[in-house]
Amino acid sequence: MPTVAIDKEDLWDRLGHKYAPEEFDRLLFEFGLELDEDTTEEVEAAKKKGLPAERPQLKIEIPANRYDLLCIEGIARALRVFLGKEKAPLYQLIYPEGGEDSLITTTIAPETKNIRPYFACAVLRGVTFTQRSYDSFIELQDKLHQNICRRRQFVAIGTHDLDTLEPPFSYEARPPKDIKFVPLSKTEIFTAEELMVAYESEKHLAKYLPIIKDSPVYPIIYDSTGKVASMPPIINSEHSKITLNTRNIFIDVTATDETKIEPCKVIYPDGTTRITPDLTYHPMTAHASYVNSCTGLSVDSSELAKLLERMTLTASLDPDDADAVAVQVPPTRPDIMHECDLMEDAAIAYGFNNLPDTFPPTSTVAQPLELSKLSDIVRREWALAGFVEVLPLILCSHEENFDWLNRKDDGNLAVRIANPKTLEFQVVRTSLLQGLLKTVRENRSHALPIRIFESSDVVFKDRKRERQAKNVRHAAALWCNKTAGFEVVHGMLDRAMQMLDVPRIESTDKKSPTGYYIKERDDPTFFPGRAATIYYRRPSASHSGLAHIQRVLSITDDEEIGVLGILHPSVLEKFEITYPCSAVEFTLEPFKTNAHEIWTNAE
């Protein structure tokens, strides 16, 4: 959730009351917010030491869907309405004296469809900035960029001193070598090509360059004299920058998706026009019976309307339905999409702590998943054998998942992270081995032998599923000592299978309806000649004629479920382990069908 830092004294002035820490914390909790930090003590301590200190701040965590609360003005307005100190504001457009015909216009060039096709704009007049309100204005713009605008990928917002520009405007797309202007905070003229090079070393802007860098044309906004206002989504012009002396602000919004902009007059390439921004209120209906059924309350429609008004919504009784409340949702509340959102607001206004305690009308008893039962069996037995359970991270680097285990990536196995923050978290693991080996590496100072295990999920690509991936439950154990200990991990496998009621069989025994066996394999992860595949023969669908036919025809359901062996020295070297190690890893998925019976027998 985003955190907003606001001036403490400024907020008290806006709320008309100085709150004690516990009192304000309680107010935020009741409204559905959380106080992350109060810097008053730090500021006072710095002042006592004679150090420079800013004014005390309150750092408040804001829900990700409440974009109207990303600044002190929004928080103060919402809390004043919640406290009943003012009514919810009514948002409306104010046309110039000449009406729609005198609106500032922006014409969109056809070429913009190749880069950022959507555009909206607005004008704020009669603005008076103080230093704190100016800082809040700029910070709100940045917060919107990082949240709903998805780091400018979907939407970019530009703000300009209108008095430095000459309307009407044009929104165009030109080759980067043809775009020249003085960018914000610079004194020299740059082409767009030169800007892309210059900003590669500026951390705060470099992250936005890939959005348009490889495009043959860049978006650009001109006024009627050819002066550049902005090159979205990268930088504004120094010529039109906002200062404390700005009184009239021109706001431009460019986007790749029209649903991400909230609407001067815009003329599209096909000749159609649109007035932006669109401040139309969204009508909805809330029913007292529905709210009562979800919250346990017994409020009528009149009380419900009062509760909703405390949450900056406009509510009125429906003359045709005594149970209904007509609600007008303002454009500042994009989080209100369904009646359940209105119910939540009503519950917040009533107070979650004030909701009645009721006994559930239905009685349900939770039960563990079948896979969890199997995991618990293996975990308990391996722990009783003296092994220690570890919980490594499910994300790892691409090298750890493949190269360090001497495995190749065919591109169809591992789920990659699209924008990893570090090289350590590039893919979702497809094996438990690398996590166990990293644990041994970080605990090399412990006494030998090191005996560890894990029973958890790995993830594979699966194109047949909607989410394109599937979780698979694995169990793995690792032994590290002065000797390899192959017999130890072999015994761990045998004990786990014994507790899972899976008998050991010979691979040539076609009469056995079910069981497991191991067979030598050639695997670069393990030492040559010291690795084996674990096979599992599923029980037949029935013990009738079908099973007999299968045995006669030597048809079995043998499937590879895991591997065990002595790890290859090159694998150990990459994980910086100097002692030999043996490991076993297998999937628990095939045993789900008999999980209940196995669990009962294990108990």
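A salt bridge is taken here as a side-chain nitrogen of Lys or Arg lying within 4 Å of a carboxyl oxygen of Asp or Glu. The structure is a predicted model, in which local features need pLDDT of at least 70 and side-chain atom pairs count only at pLDDT 80 or more, while totals for chains, interfaces and linings use all residues. Residues are numbered from 1 along each chain as its sequence is written, and side-chain values use heavy atoms, with hydrogens and water left out.

**Salt bridges**

Side chains of opposite charge can pair when their charged atoms come close. A search of the whole structure finds 33 salt bridges, and the table lists some of them.

| Pair | N to O distance |
|---|---|
| R80 and E86 | 2.7 Å |
| R333 and D335 | 2.8 Å |
| R333 and D345 | 3.0 Å |

Because D345 lies in helix α10 (residues 339–350) and R333 in the loop between β18 (324–329) and α10, their pair ties together parts that are 12 residues apart in sequence; helices (H or I, at least four residues) and strands (E, at least two) are DSSP runs numbered from the N terminus. R333 and D345 also belong, with R66, D68 and D335, to a network of salt bridges. Buried means under 20% relative accessible area, exposed over 50% and partly exposed in between, with a 1.4 Å probe and protein chains only. R333 is buried at 2% relative accessibility, as are D335 at 9% and D345 at 3%, whereas E86, at 31%, counts as partly exposed.

**Nonpolar cores**

A nonpolar core is a set of buried Ala, Val, Leu, Ile, Met, Phe, Trp, Tyr and Cys residues joined through side-chain atoms within 4.5 Å. The largest has 60 residues, and those with the most contacts inside it are L11, F24, I60, L304 and L308. Helix α4 (residues 72–82) supplies the largest share of this core, 6 residues. Apart from this core lies another, of 28 residues, which includes F387, M492, V502 and L588.

Elsewhere, an open sheet of 7 strands with mixed pairing has the order β12-β11-β10-β7-β4-β14-β15, where two strands pair if DSSP finds at least two bridges between them. Because β12 (235–236) and β15 (273–275) stand at the edges with a single partner strand each, one side of each is left without a neighbour in the sheet. Strands β4 (residues 105–108) and β14 (residues 265–267) run parallel and are joined by 3 bridges, with T105 standing opposite K265 in β14.
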